[in-house]
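This report concerns the charged pairs and the surface of one protein model.

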Amino acid sequence: YGPWIKKMPRSSDVAVLAMISPRQAQHLADQITASGRDPEFVGGDALFVPDEFTQVGAYVTSFAPDLRDTPEGAQVIKLYKAIFGNFATFGGPAYAATEAVAKAALDTCQNGRATRQGVAKAMPAIDMRDSVLGQRVAFTANHELRDGRFHVYRIDPEGYTKIS
């Protein structure tokens, strides 16, 4: 990253870390800081790995809330940690998505069988008001998350703190 950092203006206020590896993003942020630059770091949801990307003051986004922020997620987190250890923010949305698909499969099951077409047709009718995410999970006719939004977290010395 050295040659790229040398080209970075010292007056840069923001460094967008468009990376998928939290370890590499942390390494780059460390190098930028060591070069005497002090921008605000911003990264996407791939960097939302509290054990690997720890740049205090940095911002990371997520397409779903962190389960640690929801009472509904407490039991899932407890079970997951007991089996696998720490986790990234993708676990909650994957859990909710699996639950939604399973509900659609059960709703359309005929003679003990569910079909891909039946599940796809049923998805817009899925409406989970109490999801593990602490928010409603429902879908549009095009299978998009209804009322989906991004969440922004800031990394402070104690960890990731939701700011919006």
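The model is predicted, so local features need pLDDT of at least 70 and side-chain atom pairs count only at pLDDT 80 or more, whereas totals for chains, interfaces and linings use all residues. Residues are numbered from 1 along each chain as its sequence is written, and side-chain values use heavy atoms, without hydrogens or water.

A salt bridge is a side-chain nitrogen of Lys or Arg within 4 Å of a carboxyl oxygen of Asp or Glu; by this rule there are three.

| Pair | Closest N to O distance |
|---|---|
| Arg 129 and Asp 127 | 3.3 Å |
| Arg 136 and Asp 127 | 2.9 Å |

Arg 23 belongs to helix H2 (residues 22-34) and Glu 52 to the loop between strands E2 (40-43) and E3 (59-62), so their pair ties together parts 29 residues apart in sequence. Helices (H or I, at least four residues) and strands (E, at least two) are DSSP runs, numbered from the N terminus. Asp 127, Arg 129 and Arg 136 are linked in a network of salt bridges.

Relative accessible area, taken with a 1.4 Å probe and protein chains only, classes a residue as buried under 20%, exposed over 50% and partly exposed in between. Arg 129 is exposed at 56%, while Asp 127 is partly exposed at 32%, as is Arg 136 at 31%.

Helix H3 (residues 74-84) has one buried residue among its 11. Leu 79, in helix H3, is exposed at 53% relative accessibility. Just after H3, Gly 85 takes a positive phi of about 95°.
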